[in-house]
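Keep the structure in view as you read.

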Amino acid sequence: MGAKILVSACLMGHAVRYDGKAKPLVHPALDRWREQGRLVTICPEMSAGMPVPRLPAEIEAAKTGAAVLSGAARVLESDGGDVTAQFRQAADNALALALETGCGYALLIDGSPSCGSTSIYDGSFSGRRHPGEGVTAALLRANGIKVFSHGEIDALAALAGFSEI
Ligand code: SF4
């Protein structure tokens with residue numbers, strides 16, 4: 001199991017979200033991991049060529065990332081545009097980077113149709129969440145990477161350790 005941690009770029013303060021903002025996470029474990037060179041940062045959606053800002057997107061019909069990966073659900077933008085292919089590419093890019101760099105763990109922002117790992121929006125664009133994971137989180141998990149949401153950083157710290165490389 002690789003000791004590196006794949007991390008959502010918006011958590012690291014990069015202004016890459018659909019609304020052009022970041023959502024930085026401040027936590028001593030992140031500082032330590034950065035010093036140890038254990039963090040591998042990616043915005044899966046930007047890696048697939050999506051612009052900033054971009055329209056909000058949700059997985060349709062209260063389905064989840066696994067359904068997108070199996071072809072049973074689409075990812076739609078708020079105007080109805082189909083961005084499924086970009087979201088699948090985003091997940092492929094994140095997995096390739098994780099494998100290439102030896103990431104056994106991922107710390108991803110929750111709620112996103114890519115990075116969400118405990119809850120995502122339900123496809124109605126009404127602000128309702130339901131339990132489930134985004135496309136990137138689902139693909140990482142399917143390949144054995146232990147995925148944690150930003151709210152679970154303490155659990156990741158307990159597992160991945162503060163001091164070992
Ligand atoms: S794809 Fe992930 S890293 Fe990129 S903006 Fe969305 S939540 Fe952040």
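The largest pocket has a volume of about 450 Å³. On a 1 Å grid over the protein atoms alone, a pocket is an open set of points where a 1.4 Å probe fits, with protein on both sides within 12 Å along at least five of seven lines; lining residues have an atom within 4 Å of a point. Grid points are joined across faces, edges and corners, and the volume is the space filled by probe spheres set on them.

This is a predicted model, where local features need pLDDT of at least 70, side-chain atom pairs count only at pLDDT 80 or more, and totals for chains, interfaces and linings use all residues. Residues are numbered from 1 along each chain as its sequence is written, and side-chain values use heavy atoms, leaving out hydrogens and water.

Which residues lie nearest the centre of the largest pocket? They are Arg17, Tyr18, Gly111, Ser112 and Pro113, out of 29 lining residues.

Now look at the largest nonpolar core, which has 46 residues. Such a core is a set of buried Ala, Val, Leu, Ile, Met, Phe, Trp, Tyr and Cys residues joined through side-chain atoms within 4.5 Å; buried means under 20% relative accessible area (1.4 Å probe, protein chains only). Leu6 is among the members touching the most others. Beyond its neighbours within four places in sequence, Leu6 is in contact (heavy atoms within 4.5 Å) with residues including Val40, Cys103 and Leu140.

Cys103 is itself buried, at 6%. The whole structure has 0 disulfides (pairs of cysteine sulfur atoms within 2.5 Å). For Cys103, the nearest cysteine sulfur, that of Cys115, is 13 Å away.

Definitions and conventions: Buried < 20%, exposed > 50% of the residue type's maximum accessible area, 1.4 Å probe, protein only.
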